[in-house]
Amino acid sequence: MGNCWGSRADTTTTTPSTTGNITSGVISSTTSSSNISNKSQFSASSGGEDGHPNGQILPSPNLREFSFQELKTATRNFKGDTLLGEGGFGRVYKGLLENKHSSKSGSGWVVAIKKLNSESVQGFEEWQSEVNFLGRLSHPNLVKLLGYCWEDQELLLVYEFMQKGSLENHLFGRGSAVQPLPWDLRLKIIIGAARGLAFLHSSDDRVIYRDIKTSNILLDGSYRPKISDFGLAKLGPSESQSHVTTRVMGTYGYAAPEYVATGHLYVKSDVYGFGVVLVELLTALKALDRNRPVDKQTLVDWIKPHLSDKRKLKTVMDSRLEGKYPLKAAVATAELALSCLAQEPKARPSMQEVVDSLLKIQGMAYDKPRVSRRNSSGTAAVRPHGHRRQNGPRSISSQFSTI
Ligand SMILES: Nc1ncnc2c1ncn2[C@@H]1O[C@H](COP(=O)(O)OP(=O)(O)OP(=O)(O)O)[C@@H](O)[C@H]1O
Ligand SMILES: [Mg+2]
C-alpha cells in the first residue's frame, strides 16, 4: 500500500447511485445506451502484444461490463483468501471468471478485481479516470483493464491478473516466498516500466501518469512489468508548459519537488518519480520509511550524495544482490537516477532517453576477473567480481524470458 495524500477541498466528488454507461470515452449516467459491446471478448494477454508492440490508443474504451453478481461469484463473495492486497481505492481480490463455453468445472479466466471502498478517499473520480485512460490505452507494459462494474453503490474494476505481484513486494517483502531479484532481472523490469511511461508521454494526448512507484509496477508470470493504476493520470500540456492542479495528489517520497511546492505538474514530474524507483531498485530501501532515523526517512534526501560517488554507492547497494552486479552498470544507473532527480524539470531526461540509457546499461558486461591472491601452487585464485558461484542458489532470472 502506498502513502497517498490528497487535499480535496476544491472538488466535490459524488459516488453515483445509478448504473452508468461509457460513451466515447466519457462516463455518463444520463444516457441509456452504452457503446460497450457485451460481446467484448478478452484474453489474459495484453492488447499491446496483439500486433501492436509499440502500443496503441483506442478511440473509446474497449471494456466489458460485468454484473456485481458475476464478480461476487468469481471471488466467492469477496472471501478473505482471495484478497491480493489493499490500496487507497479499496481491496484487490483474485477472481475466477467462469468460462460459459466450457463444461469443465473450474475452467475460466483468472483476473484481479478491485472493489471501491465506500469510505475511499480516492473515489469515483479515480475509478472514472482508470476506465477512461486504461480502457483506451494498450501497450505491453501497461496492465490491461478488462472491464468494470457500476451497479447501485458498487464500483469495481477488473484487470488481467499479474501473477508475480508488485515490484514493491519483491524489493521490500520478507519471508521465504520472496526471492531477491537478481541484477539482470531488475534491469529488465525497470526497462519495461520505463517503456510504459515513455509510451504515455509520447502519445498525441500526452498522459502524465502521476503515480509511478514500486507498488504500481506489477509483474506477470514471466516477470514482464506492467504499470497499473491510472486513477491519478492527467492529460498533459506540451513539454515546457505545466498543468496547474489545485489539489496535489500522489505518494509521499515519489512526488517531484515542483509539484509538491506549487502544484505545477509536468510530464517531467513523472521522470522524477521514476528516478526515485531507480534508487529503490539499487538499494532496496523504501522511498519513505517513517521507521528510519529522521534524517534518513526520505530516501532521496538521504541517498542522493551517495549516487555520484562509486565508493559510497557500494555501501548502499542492496545487500541481497551479494555484490553480483556489474559495478559499471550500477554506477551508470545511479548517474541516470541522479539526472532524473534534477531539481529543474527541464534538466531531467525524457522517458525515451531514460529507456535508451537503460538499454546501454543492460549491455554493460560484468567486470573483468581480478586476480585476488595466489594460492600455494602459485596459480591465481580468481573470483570474477559480480559472478555467481557455480553451486550458489538458483536464481529466478532463469525463469523469465522477454520482458
Ligand atoms: N492486476 C493485478 N494482479 C495481481 N495483483 C494485483 C493487481 N492489481 C493490484 N494487485 C495487488 O493489490 C495490491 C494493492 O493494489 P492497489 O493498486 O489497490 O494499491 P497500491 O498500489 O498498493 O496503493 P495505492 O492505492 O496508493 O496506489 C498491489 O500491491 C498488488 O499486490
Ligand atoms: Mg496500485
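Q: How many residues does helix α10 have, and how far does α10 reach from its first C-alpha to its last?
A: Helices here are DSSP runs of H or I with at least four residues, strands are E runs of at least two, and both are numbered from the N terminus. The expected span of a helix is 1.5 Å times one less than its number of residues. Helix α10 (residues 351–362) has 12 residues and reaches 16 Å, close to the 16 Å expected. This is a predicted model, in which local features need pLDDT of at least 70, side-chain atom pairs count only at pLDDT 80 or more, and totals for chains, interfaces and linings use all residues. Residues are numbered from 1 along each chain as its sequence is written, while chains are lettered from A and ligands numbered from 1 in the order in which they are written.

Q: Which residues of α10 are buried?
A: A residue is buried if 20 or more other C-beta atoms lie within 10 Å of its own, exposed if 12 or fewer, and partly exposed in between, with C-beta atoms placed from the backbone. In α10 the buried residues are M351, V354, V355, L358 and I361. Seen down the axis of α10, they fall within an arc of 120°, so they line one face of the helix. The arc is taken from the directions that run from the helix axis to the C-beta atoms. An α-helix has 3.6 residues a turn, so residues three or four places apart point the same way.

Q: What covers the buried residues of α10?
A: Contact is defined by C-beta atoms, placed from the backbone, that lie within 7 Å. The cover includes α4 (183–202), α6 (267–283) and α9 (327–340).

Q: Which residues of α9 are buried, and what do they pack against?
A: The buried residues of α9 are A329, A330, T333, A334, L336, A337 and C340. They cover an arc of only 160° around the axis, which puts them on the same side of α9. They pack against α6, α7 (299–307), α8 (310–316) and α10. L338 is also found in α9, but counts as partly exposed, with 17 C-beta neighbours inside 10 Å.

Q: Where does UniProt place the feature "binding site"?
A: UniProt positions are given in the numbering used here, feature names are shortened, and annotations may be inferred rather than shown by experiment. The unreviewed entry places this feature at K115, a residue in strand β8 (residues 108–116).

Q: Is K115 buried or exposed, and which residues does K115 touch?
A: K115 is buried, with 22 other C-beta atoms within 10 Å. Leaving aside residues up to four places away in sequence, K115 touches F78, G90, R91, Y93 and L156. R91 has K115 as its bridge partner in β8. Two strands pair if DSSP finds at least two bridges between them; 9 bridges join β7 to β8, and these strands run antiparallel.

Q: What is the phi of D152, and of R210?
A: Most residues other than glycine have a negative phi. Phi of D152 is near 50°, a positive value, and phi of R210 is near 75°, also positive. D152 lies in the loop between β10 (145–151) and β11 (154–160) and is exposed, with 10 other C-beta atoms within 10 Å. R210 lies in the loop between β12 (207–208) and β13 (217–219) and is buried, with 27 other C-beta atoms within 10 Å.

How values were computed
Two residues are in contact if their C-beta atoms, placed from the backbone, lie within 7 Å.
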